[in-house]
Amino acid sequence: MDATPFPDDLVQTQRDWTATYQALAAPHPADNTALRRRLLRLSVRLWWDPRLHSRPARAHCTARQDSQIE
């Protein structure tokens, strides 16, 4: 199976997000506010990364509209 290669910086950002989320989910995390802010910054970085949104939005919208018509 061919895997889609992800850029190293994107993989590292996802790892950081996961580690931060796990630290925040632990009982009584140290510096709760800093962890929440870090998680938010990492989430924004992942959400707005242009490499993750390479699929044309119009094709998705057209498919949704077609399914609503039926």
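The secondary structure of the protein chain consists of three helices and zero strands, where helices (H or I, at least four residues) and strands (E, at least two) are DSSP runs numbered from the N terminus. Along the sequence, the elements follow the pattern α-α-α. The model is predicted: local features require pLDDT of at least 70 and side-chain atom pairs count only at pLDDT 80 or more, whereas totals for chains, interfaces and linings use all residues. Residues are numbered from 1 along each chain as its sequence is written, and side-chain values use heavy atoms, with hydrogens and water left out.

The accessible surface of the protein chain comes to about 6,300 Å², of which 57% belongs to carbon and sulfur atoms; accessible areas come from the Shrake-Rupley method with a 1.4 Å probe, and for residues only the protein chains shown count as cover. Of the 70 residues in the protein chain, 11% are buried. Buried denotes under 20% relative accessible area, exposed over 50%, and partly exposed in between (1.4 Å probe, protein chains only). Contact denotes heavy atoms within 4.5 Å. Among contacts between residues at least 6 apart in sequence, 48% join residues at least 24 apart.

Thr20 is located in helix α1 and counts as buried because its relative accessibility is 5%. Apart from its neighbours within four places in sequence, Thr20 is in contact with Leu35, Arg38, Leu39 and Leu42.

Three salt bridges are present in the structure, a salt bridge being a side-chain nitrogen of Lys or Arg within 4 Å of a carboxyl oxygen of Asp or Glu. In general, side chains of opposite charge can pair when their charged atoms come close. Asp16 forms a salt bridge with Arg38, with the closest N and O atoms 3.8 Å apart. Asp16 lies in helix α1 and Arg38 in helix α2, so this pair ties together parts 22 residues apart in sequence. Asp16 is partly exposed, at 21% relative accessibility, and Arg38 is likewise partly exposed, at 34%.

A salt bridge also joins the side chains of Arg51 and Asp9 (3.1 Å, N to O). This pair links distant parts of the chain, with Arg51 in the loop between α2 and α3 (57-69) and Asp9 in helix α1 (residues 8-25), 42 residues apart. Both partners count as partly exposed: the relative accessibility is 40% for Arg51 and 44% for Asp9. Asp49 counts as buried, because its relative accessibility is 8%. Through shared partners, salt bridges join Asp9, Asp49 and Arg51 into one network.

Surface patches were also identified, being made of residues with over 30% relative accessible area and no salt bridge; like charges are joined within 9 Å and nonpolar side chains (Val, Leu, Ile, Met, Phe, Trp, Tyr) within 5 Å. Arg36, Arg37, Arg41 and Arg45 gather in a surface patch of positive charge. Arg41 is placed in helix α2 (residues 32-47). Leu40, Val44, Trp47 and Trp48 make a nonpolar surface patch of about 520 Å². Within this group, Leu40 is found in helix α2 and is exposed, with a relative accessible area of 54%.

Note on methods:
Lys, Arg positive; Asp, Glu negative; His and termini not counted. Charge placed at Lys NZ, Arg CZ, Asp CG, Glu CD.
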